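Please read them alongside the sequence and the coordinates.

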Amino acid sequence: MKKIDSENFNTIVDTSTGPYLLKFGSTTCGPCHAMKPVLEKLASENPDFPVYEIDTNESPELAAHFGIRSVPTMFFCENREVIIQFTGLTPFKDLQYTIENINDPHLREHGSFAVEKKKDLFIPLLVVGIILFALLLIFL
């Protein structure tokens, strides 16, 4: 995980050749400290995926630019475009899943993952049950 600030932000972002993660936090933030091992593991398991850390106290203008209201806040970005955002304590599996699926068209378009809704079969099964019950009453 590499620390960046207002002075080197533009250089780092402009030279990035693919997706990257920006994590906004603070040295006085408990949840930020709790996220540190998660992000270190994420960086070590994905060495080709840049993970950057920005201290909101040291770079308040970057925090203001990104509209940071609470920390930790993480942005998966590419070419100065935010793809998806996570706020608060975020499980490793969610961050890893995002890295593995960063090129998913739905994610890129909507900033979230597509969730398939399970079909509710209660009404159709109820109708079939009533019909079968009625047939049993007729033929018995």
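1. The five strands form an open sheet in the order S1-S3-S2-S4-S5, with mixed pairing; strands and helices here are DSSP runs numbered from the N terminus (E, at least two residues, for strands; H or I, at least four, for helices), and two strands pair if DSSP finds at least two bridges between them. Strand S1 (2-3) and strand S5 (81-87) stand at the edges with a single partner strand each, so one side of each has no neighbour in the sheet.

2. This is a predicted model, in which local features need pLDDT of at least 70 and side-chain atom pairs count only at pLDDT 80 or more, while totals for chains, interfaces and linings use all residues. Residues are numbered from 1 along each chain as its sequence is written, and side-chain values use heavy atoms, with hydrogens and water left out.

3. S4 and S5 form a hairpin with two residues between them. Asn79, in the loop between these strands, has a positive phi of about 50° although it is not a glycine. A cis peptide bond joins Val71 and Pro72, with omega about 0°, and Pro72 is placed in the loop between helix H3 (60-65) and S4.

4. Helix H2 lies across S2, S3 and strand S4 (73-78), and runs at about 165° to S2; such angles run from 0 to 180 degrees between N-to-C directions of axes fitted to C-alpha atoms, for helices over the stretch in contact, where contact means heavy atoms within 4.5 Å.

5. The whole structure holds seven aromatic pairs, where rings of Phe, Tyr and Trp (its six-membered ring) pair if their centres lie within 6.5 Å, and planes under 30 degrees apart count as stacked, over 60 as edge-to-face and the rest as tilted. The pair of Phe24 and Phe75 is edge-to-face, because the ring centres are 5.8 Å apart and the planes stand at 85°. Phe24 lies in strand S2 and Phe75 in strand S4, so this pair ties together parts 51 residues apart in sequence.

6. By class, the lining of the largest pocket has seven charged, four polar and three nonpolar residues; Asp, Glu, Lys and Arg count as charged, Ala, Val, Leu, Ile, Met, Phe, Trp, Tyr, Cys and Pro as nonpolar, and the others, Gly among them, as polar.
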